Amino acid sequence: MSYAWWQRGVVYQIYPRSFSDANTDGTGDLRGILARLDYCASLGVDALWLSPIFPSPMADFGYDISDYTNIDPVFGTLGLFDELVAEVRKRGLKLILDFVPNHTSDRHPWFRQARRSRNDPKRNWYLWHDPAAGGGPPNNWLSNFGGSAWEFDEPTGQYYYHAFLKEQPDLNWRNPEVCAALHDVLRFWMRRGVDGFRVDVLWHLIKDDLWRDNPPNPDYRPGQNPLHSQIPLYTTDRPEVQEVVAALRRVTDEFADRILIGEIYLPVERLVAYYGVNLEGVQLPFNFQLLQAPWNARGIAQLIDEYEGKLPSGGWPNWVLGNHDRARIASRVGIDQARVAAMLLLTLRGTPTLYYGDEIGMSNVPIPTDRIQDPFEKRVPGLGLGRDPCRTPMQWDASANAGFSAAQPWLPVSDDYSVVNVQSEDADPESILTLYRRLLALRRAHPALSVGIYEPVATTGHLLAYVREESPERFFVALNFGEDPYELSLETLAGAGRIILSTYLDRDDDPVTSVGLRANEGVIMRLTDRRS
Ligand code: NOJ
């Protein structure tokens, strides 16, 4: 069977503001990424996904785009981007860009024009509505970043809808002109050599055309994200979005070998709809379950089985452990379990996505109040929703500012940087970075670990175990999510196996018929004898 590059491959997410700053303004840039490409290649990942690098007033750090077909001067120029594409290519890597179709910046020329008058030809590119009968917003829809999702536009006397900040007005995807313009954006970047797109909030693109109120959420408790006080029945995951998704896919299919990855936070039953009934949707609807699930072996075993069971025929799985919106894995589960998580991520069936810095065990960084950047934290303070802690500068070495920049970085560098950094972990045969490199190398060398079938192995307690198989190879993965040691017999599996990797990086055993797992240890064994 043959597989596409994005099925075998591993995606590495770079948050460009925080990766590497070459022009010493305290913010990462394309030249910085260029300088670190050898590092990326040396990790053994296959594709780099860059969070937005387009011109933007940075109200939401690039997720508010004012020009879809250029590069923000903070990051560089189109010429530099072309250089990056060439250098990425030279190293045999792929490049994925962030595509933000749901909303533009309020400074985008389209929106500036739309708000000029109710009759402007661009008016219907956005979502406008008269005030409610008694005045005030047209309905109860909430912004993801707090408060009403409607902003009153004084000069024209109407409200516009913004699912995020008021500086991020939502585009009207029911308007064919909007579809055509955004399709051309995809073509523009594909012609420049981009291999695919991660599509921002894909499940948001279509809203109810009757503007019905969202129902209250009976499970909502005070102190939770106020957004969840409602069920977003009429603002997200509308049936008509599927055709919008299929149309995007038709555009990327005009070019060979391109990929669409959809950012979709939905329960699995709904998530899988984004593959499309006949796989005409996105190739990879992002599977965020590992970002949100409680970290316990039983729950995770169950969610893997359910996910595998619900995938449509031919739908390719994928797994995400970290991103720029959620707490870092090392902070969620602790640094010992972060190693187990790495082994899980890189031995599951399907395409894994790694978040920059997780490979060296970076943690969430506490942000002093006067250094807060994230508009979400500023608008909904004190609930721990802010995303700055997981967006801090990459820790390259023990020099000032962790080698990220010679200037003061836009977000503080973690206190642990003199120990947790690429340079010192590179030299340490037992570091988490070494573990990531070994895992990535094994995954590359053995298709059983990427594309092979997944067979759960019945276990109890804090143990998660499974077999990955692609003839003629078979691997057994056993992950201890707890502190108690386990003794596992291989009798029912194969008879014997050989440990080829432990998360402790200190064993490489002769064939054994049983294996002892220490606290927080994961192992990969190559099974040496087939079941009779
Ligand atoms: C999802 C992105 O991941 C997040 O960072 C951003 O704030 C929102 N979409 C709005 O674009």
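**Around the ligand and beyond**

Biologist: How far is the polar side-chain atom of arginine 391 from an oxygen atom of the ligand?
Modeller: 3.5 Å for arginine 391; N or O atoms within 3.5 Å make a polar contact. The protein covers 97% of the 300 Å² of accessible area that the ligand has on its own (Shrake-Rupley method, 1.4 Å probe).

Biologist: What sort of model is this?
Modeller: A predicted one, where local features need pLDDT of at least 70 and side-chain atom pairs pLDDT 80 or more, while totals for chains, interfaces and linings use all residues. Residues are numbered from 1 along each chain as its sequence is written, and side-chain values use heavy atoms, without hydrogens or water.

Biologist: Back to the ligand. Which residues are closest?
Modeller: Asp60, Asp200, His324, Asp325 and Arg387, out of 13 that surround it (a heavy atom within 4 Å). A polar side-chain atom of aspartate 60 sits 2.6 Å from a ligand oxygen, and one of histidine 324 sits 2.8 Å from a ligand oxygen.

Biologist: How does the shell divide into nonpolar, polar and charged?
Modeller: 4 nonpolar, 2 polar and 7 charged. Asp, Glu, Lys and Arg count as charged, Ala, Val, Leu, Ile, Met, Phe, Trp, Tyr, Cys and Pro as nonpolar, and the others, Gly among them, as polar.

Biologist: New topic: which residues of α4 are buried?
Modeller: Leu78, Leu80, Phe81, Leu84, Val85, Glu87 and Val88, buried being under 20% relative accessible area, exposed over 50% and partly exposed in between. Helices are DSSP runs of H or I, at least four residues, and strands are E runs of at least two, numbered from the N terminus.

Biologist: What do they pack against?
Modeller: α2 (30–35), α3 (37–43), β2 (47–50), β3 (94–99) and α6 (176–191), with contact meaning heavy atoms within 4.5 Å.

Biologist: And what comes just after α4?
Modeller: Glycine 92, with a positive phi of about 75°.

Biologist: Is alanine 402 buried or exposed?
Modeller: Buried, at 0% relative accessibility.

Biologist: Last one: where is the cis peptide bond?
Modeller: Between serine 471 and proline 472, with omega about 5°. Proline 472 is in the loop between β13 (463–470) and β14 (473–480). Most peptide bonds are trans.

Methods
A polar contact is a pair of N or O atoms within 3.5 Å; within protein, one must be able to donate a hydrogen and the other to accept it, and residues adjacent in sequence count only if both atoms are side-chain atoms. Buried means under 20% relative accessible area, exposed over 50%, partly exposed in between (1.4 Å probe, protein chains only).
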